[in-house]
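Let's walk through this structure together, one piece at a time.

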Amino acid sequence: MKVGSWGRLNYEDHAFVPVSRDHAPERKETHKKTLPYGMGRSYGDVCLNPLGDLSFTRSLDRFIKFNPHTGELVCEAGVLLRDIQLTFSKKGWILPVTPGSQYVTIGGAIANDIHGKNHHTAGCFSRHLNWLEIERTDGQLITCSATKNIAWFAATCGGLGLTGVVKKLSITLKPVCSNWLDTETIVFSNLDEFIRLSTASEANWEYTVAWIDCGVSKKKRGIFMRANHSLEAGEVTPRDRKIKMPFVPPVSMVNRISVAAFNYLYFCSQKLKIGIKKNHYQTFFYPLDNITHWNRMYGPHGFYQYQLVVPSDAGRPAIDAVLNEISASGQGSFLSVLKTFGNKASAGLLSFPMEGITLALDFPNNGSETLQLFRRLDAIVREARGRLYPAKDARMPASLFADGYPQLEEFLAYRDPGISSGLSQRLMGW
Amino acid sequence: MKRYVIVGGTSTIAEHCVRLWLAEKGIDLTLVARDRERANSVAADLKVRSPDSLIKVIEGDFLAPKSAEKIVQEIYQDGAVDCVLIAHGSLPDQYSCASNLTSTAEELWINGISPALFAEAFATKMSEFQKGQLGIISSVAGDRGRKSNYIYGAAKGLLTRYTQGLQHRFAGTRIVVTLIKPGPTQTPMTAHIKDSSNMANVETVAKGIVTGMAQNRTQIYVPGKWAQIMMVIRHLPSFIFNRMDI
């Protein structure tokens, strides 16, 4: 069956093999290589396995136990973050770290060691895990944690699914007084202002994130948002209302003109929201989840997401250079997200975050024009000793990957020889 | 607390229906299953979702005719039941059925006779208590026999006819009988089928069942499009139907 990823760049034939709750027999060597697959929400080829199988983990979607005193949740790896949020937010607990979509499995969150708007206070997802159980394709079961089988834990968190199938895990949820956040929206007009705001907010604000106008204009204005959990609930819980992008338009709806118009309108609409407001966690964390299949907007050729992080010292000029390069290329981006990462160390050998600034951008796939722009951006990232996020990547060169992830060699000792992915084939040669 | 019973407690469709039933407030639930250990895992998940709910597992032999009666007796010792969902089944490989009549008999039993026996045992109790809702999961496969799965289809056809009879019997009473016909759904039961891309998502199917039962509907096709598709399939003349490779 043809399977593609969120970026819709290409679709290839894969056989789906559901992961069984029971202990799996050893996969014989004659079997094709497999890859744990959850919701397929990664943008590039980290969740695909051309010429191989996909082990479908959504069938493992049960909770196992929850301790209402400590917040410890034990569950299977195919559980959706949405189900955790919906079930436990009613009881005063939420995920300690969440990405921008709740339609991902918890196994996927571990494999990509995801981060959220609270990275500066909470670090990556893996910091909140108590233990994991992985099943290797030779049938071996390994339980690992930050104190037991540490090396396996470090390889598996952010390990892109390549060390085995995570079957069960334990995570500590975060206690909250309400499902609401006190949010403040501030306009900034250049990068320095963003950095000042971000630094000033780190101590007293749990969540910070910014949207930057990454259109064709030279202005680097943007909207900065910071939030803390509210002590009291807001008035009206937003209804679960979804808009659907019903079809794939013949050409990308994201182009030079629409990006400029969108960014202008978005900026103006956000400007109206300046000040302090109460937001439901669903609205604050997952604004895009309300538009089902928004990725179809980019037309039949799909789109690339480019997410980089550069260390603090080199951060400011590198981000500046990236933004200049993009505006010079005329290929603006809709959803340009800017955030500073804190100094909370990640457990994973291949975890993406590092202390510094991260910028996420998306570009319609305009073929070689887009790829050339990426090569110029790569040079800036490499120069600044930064790296790209594999969960979003579909095209980075192997050398940039190796430079960005110095612990790659160490990681390779823990890979499961029965597993491969599009990304591993491309960047690790198997 | 509203009292629910699921027969086939490890059925993925039923599991998702229960998740919806207990999402708002606690329920009193009994899972009847062939394998206690597997049902316990379902129960543990449901208990995490709804700590207020009372959840009990009963293990039963679905192949023994007396078993249904005994289990239903046991359940009714704790009082009347508000809602029963009969959900067990298995999807046999048509071709291995052709060569093994013992497994054919077993498949006919587990998909047709056993659910009907459970339904009959519950119907007797419901008419005694003069209340209850009985949801029976049949299948679109029971609407017309076709070469690729007529053993399963025959068993589900039996269940469809049986349910219609039960609806006739309880017409005008406070007992509601709902015939549920899911189309192909992504569950462990269909996991061996290579191309599952056109199959319905189990959450969508469960939502359709829960909504339909709440509206006391007598027949639910889930997803809804199957009502039209099966209408056409049922009415195709056999000289056309028999040329189709389905």
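In chain B, the axes of helix H1 (residues 12-24) and helix H2 (residues 36-49) come within 10 Å and cross at roughly 20°. Angles under 35 degrees count as roughly parallel, so H1(B) and H2(B) are roughly parallel to each other. The crossing of H1(B) past H2(B) is right-handed.

H1(B) passes H7(B) in a right-handed crossing. On the H1(B) side, the contact is made by B:Thr12, B:Ile13, B:His16, B:Cys17, B:Leu20 and B:Trp21. H7(B) contributes B:Val202, B:Glu203, B:Val205, B:Ala206, B:Lys207, B:Ile209 and B:Val210. What classes do the residues in the contact of H1(B) with H7(B) belong to? There are 9 nonpolar, 2 polar and 2 charged residues.

Before going further, please keep in mind that this is a predicted model.

Now let's step across to the other chain. Where the two chains meet, 10 residues of chain B are in contact with 10 residues of chain A. The side of chain B that touches chain A is made up of 4 nonpolar, 3 polar and 3 charged residues.

Is E11(A) mostly covered or mostly open, and how many of its residues are buried? E11(A) is mostly covered, with 6 of its 8 residues buried. Strand E7 (residues 72-76) of chain A pairs with E11(A) in the antiparallel sense, over 5 bridges. To find this pairing on screen, look for A:Leu73, which stands opposite A:Ile171 of E11(A). Another pair to look for is A:Glu72, whose bridge partner in E11(A) is A:Thr172.

E11(A) has a further partner in strand E9 (residues 129-135) of chain A: the two run antiparallel and are joined by 6 bridges. Here A:Leu132 has A:Leu169 of E11(A) as its bridge partner.

Stepping back, these strands belong to an open sheet of 5 strands in chain A, in the order E6-E7-E11-E9-E10, with antiparallel pairing. At the edges are strand E6 (63-66) and strand E10 (141-144) of chain A, each of which pairs on one side only. Leaving direction aside, neighbouring strands of this sheet are turned by 10° against each other on average.

Further along chain A comes strand E19 (residues 303-311), which is also mostly covered: 7 of its 9 residues are buried. E19(A) and strand E21 (residues 356-364) of chain A run antiparallel and are joined by 9 bridges. In that pairing, A:Pro311 stands opposite A:Gly356 of E21(A). E19(A) is also joined to strand E22 (residues 387-388) of chain A, again antiparallel, by 2 bridges. There you can pick out A:Leu308 standing opposite A:Leu388 of E22(A).

Our last stop is a pair of helices in chain A. The axes of helix H8 (residues 312-329) and helix H9 (residues 368-383) of chain A come within 10 Å and cross at roughly 165°. Angles over 145 degrees count as roughly antiparallel, and H8(A) and H9(A) are therefore roughly antiparallel to each other. Their crossing is right-handed. Which residues bring H8(A) and H9(A) together? From H8(A) come A:Ala318, A:Ala321, A:Val322, A:Glu325 and A:Ser329, and they meet A:Leu373, A:Arg376, A:Leu377 and A:Ile380 in H9(A). By class, the contact of H8(A) with H9(A) has 6 nonpolar residues, 1 polar residue and 2 charged residues.

Terms used
Residues numbered from 1 in each chain as written. Chains lettered and ligands numbered in written order. Predicted model: local features only at pLDDT ≥ 70, side-chain atom pairs only at ≥ 80, totals over all residues. Buried ≥ 20, exposed ≤ 12 C-beta atoms within 10 Å, placed from the backbone. Helix = DSSP H or I, 4+ residues; strand = E, 2+ residues; numbered from the N terminus. Pairing = 2+ DSSP bridges. Axes fitted to C-alpha atoms, helices over the stretch in contact; angles between N-to-C directions. Parallel < 35°, antiparallel > 145°, perpendicular 65-115°, else oblique. Left-handed = near helix turned anticlockwise from the far one by under 90°. Contact = placed C-beta atoms within 7 Å. Nonpolar A, V, L, I, M, F, W, Y, C, P; charged D, E, K, R; others polar.
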